[in-house]
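Q: Before we turn to any particular feature, could you show me the structure and take me through how to read it?

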Amino acid sequence: MIAELRNVSKVFADPRSGRGLVALNDVSLSIEEGEFLCLVGSSGCGKSTTLNLMAGFEAPSRGQMLFRGEEVSGPSPERGVVFQEPSLFPWMSVLQNVMFSLQDGGARKAVREERAMEQLRLVGLDSFAHARPNDLSGGMKQRVAIARTLAMEPEMLLMDEPFGSLDEQTRRKLDNEALSLWQRERKTVVFVTHNIDEALTLGTRVVLMSPSPGRIEREWHIDEAWPRDLSSPRMVSLRQEVVGMLQACPCANGAPRPSLLTLEED
Amino acid sequence: MARDLGNVLIGVAVIVAAWWLTAEAMIHLRGAAFPTPPEAFVALWEALLGAELNNATVYAHTQSSLSRWGAGYLIALAFGLVAGMAFGTAPRLHDAGMVAVYILQMVPGLAWIPIAMLIFGLGEAATVFIIAMTAIPPIVINTAGGIREVPTVFTRVAQMSGREDSSVFLHVLLPAASLSIINGMRIGLANGWRVLIAAEMVVGVALGLGFSIYQSRYSLDFTAAFVAIMVICVIGLTIEKLLFVKMENKVRNRLGIDREDDT
């Protein structure tokens, strides 16, 4: 086990009503070393909040967020994040963006530059090292963001709908790249997505979350080998199961947004 | 470029036409000695050649105005940038601090005169104080606002890379907010320049473009006032359009956002 949420609740203050919005209610989840864990669920189910807790951007309101047995006290290079929104600094070149995330810890600039170039080579963008992020396509930007995060050599890779804003074709391509990257390095990956097919294609485990308040509904271990055929009988029935559970949730279909609750209400 | 020049010429023509019509109307209806554009331009030319306006050359007036403006603006920059950065990074300071800044911003330029006189008496310091007080609020507001609007994801990238707060501020918040900061500096500069006329009413020394305008109430040399007004407009526009537009374009380019603007 590399990380663990132990009875975690997260409440955000709603600025308009002043009441608490429960994003997560008593969630417990263990992340195993080397697994590719996909968190799925409709919007508002707390999957991004869960990721932010693991990253250390947010602290639990109740319960504990543990990494290697110790309580997470803030963000750290050991837990690298790939964000959904554009996160490259537009005022830096692609290379500078990757170098920015390298701890200088005594390493000379030439050494850091070589390491950054190596990561860019791995995502096939070394020839764009001196381009500006705004000159790149959405898919290329996300590849650079991945290279930047990997350059930090994190022990756990947290991906928050990293390809959610890309077109279908690019998304599939990058899914495959993410997969071969994981197969090469066997780093622990937590991958948030609302796309069930994406989760079934990638994950060794799929965890379904549901909203109002955010909680874990069910999980599936998938031991199918890659590349996976989503039209195989086993995957089709698995998919139906996940979709069925997602739709069974009262708020999955058309409910506007998670209602405001207090922690006491269950 | 040609179109820009055309727009400038049209804009200037509209102003000069309105001025001329007003001048002729006042001369004929009220018998007022309203300087017409030709008279004022001739006077401006003579002044540029060295003729005195209210006992000093236009160069001496301009120089003393510019140095007061510069002093007031430097003080405003120092206070405004420091306060803006503090408010931008500390939410608690921000909520209380900005109320004070908005109140200051509501004080009209002329209203600072009695306050300046009570603190500094008549003289140079009072003038500089008034210029600084009107330049500070936009600098604070835009600096703090620019920093607060930096996308959270940028800060998070830096934090997860293990950067210290000081490094996040220097390498992420400042560059990301720089356009807004420059904008505040520009508004502050323009505010200070515009309040110069009011500020020079309390100046002790008989020098300055604003003083010169004010003085024409007594000397009845209204043409001299128009010369000073023209000089003030030209200097203000030159600094704002040339200096700041250049600086802004440079920063835009450095920030990598020039292309988005083109499309």
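Q: What percentage of the 263 residues of chain B count as buried?
A: Burial is judged by counting neighbours, the threshold being 20 or more other C-beta atoms within 10 Å. In this predicted model, 36% of the 263 residues of chain B count as buried.

Q: Which residues of the largest nonpolar core touch the most other members?
A: In soluble globular proteins, nonpolar side chains tend to be buried together. Here the largest nonpolar core has 126 residues, and V190(A), I130(B), I131(B) and V227(B) are the ones that touch the most other members. Helix 6 of chain B, residues 124-148, gives the most to this core, contributing 14 residues.

Q: Which residues does V227(B) touch, not counting residues up to four places away in sequence?
A: With those sequence neighbours left out, V227(B) touches A40(B), A43(B), L44(B), A47(B), L53(B) and V58(B). For chain B as a whole, among contacts with a separation of 6 or more, 72% join residues 24 or more positions apart.

Q: How many helices and strands are there in chain B?
A: Chain B has twelve helices and two strands, and read from the N terminus the elements run α-α-β-β-α-α-α-α-α-α-α-α-α-α.

Q: How many residues does each chain bring to the contact?
A: Chain A brings 20 residues and chain B brings 15 residues. On the side of chain B that touches chain A, helix 7 (152-160), helix 11 (222-255) and helix 12 (258-262) each supply at least two residues, and helix 7 gives the most, with six residues. By class, that side of chain B has seven nonpolar, four polar and four charged residues.

Methods. Residues numbered from 1 in each chain as written. Chains lettered and ligands numbered in written order. Predicted model: local features only at pLDDT ≥ 70, side-chain atom pairs only at ≥ 80, totals over all residues. Contact = placed C-beta atoms within 7 Å. Helix = DSSP H or I, 4+ residues; strand = E, 2+ residues; numbered from the N terminus. Nonpolar A, V, L, I, M, F, W, Y, C, P; charged D, E, K, R; others polar. Buried ≥ 20, exposed ≤ 12 C-beta atoms within 10 Å, placed from the backbone. Core = buried A, V, L, I, M, F, W, Y, C linked by C-beta atoms within 7 Å.
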